[in-house]
Amino acid sequence: MSLTIAEAAQRLGLAVDTLRYYEKDGLLLRPVPRSSAGHRRFQAEDLRWIELITRLRATGMPIREVRRYADLVRAGSGNERERLELLQGHREAVLAQLAEAQTHLAAIEYKIDLYTDRLGAECLSA
């Protein structure tokens, strides 16, 4: 599989500019191969990596930490503990965000129940 930047962007649900930014900012594992005409040709391994960094970003990992993770992976074997610690730290942050969102959701559910009960009582008395 070899995709143009537009095809890769469409498949990943990202903007072409986002892919260019990821490449320019050193977030990709390797330079994206180019065709003889100089056009980027994304491979399956590129897409898998971009999916991962997109998930890390979507869950709030700062660009500098994504870049650090990419640097560690590019460096190869011997730094797995650092990678693990980075991902474990991010997991803790995501779990905290989820707990906070669940607390907010519970408050919203409470209000919905109040209004549902109130409107149900009004419908019965009408």
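1. Between domain 1 and domain 2 there is 1 residue pair in polar contact, with both residues at pLDDT 80 or more. A polar contact is a pair of N or O atoms within 3.5 Å; within protein, one must be able to donate a hydrogen and the other to accept it, and residues adjacent in sequence count only if both atoms are side-chain atoms. Helix H4 (residues 63-75) contributes the most to the side of domain 1 that touches domain 2, with 3 residues. Helices (H or I, at least four residues) are DSSP runs, numbered from the N terminus.

2. The model is predicted: local features need pLDDT of at least 70, side-chain atom pairs count only at pLDDT 80 or more, and totals for chains, interfaces and linings use all residues. Residues are numbered from 1 along each chain as its sequence is written, and side-chain values use heavy atoms, with hydrogens and water left out.

3. The domain assignment of the protein chain gives domain 1 (1-76) and domain 2 (84-125); such bounds come from an automatic or database assignment. Their contact (heavy atoms within 4.5 Å) takes 7 residues from domain 1 and 5 residues from domain 2.

4. Arg40 lies in the loop between helix H2 (16-24) and helix H3 (44-58). The side chains of Arg40 and Glu23 are joined by a polar contact of 2.4 Å.

Key. Helices (H or I, at least four residues) and strands (E, at least two) are DSSP runs, numbered from the N terminus.
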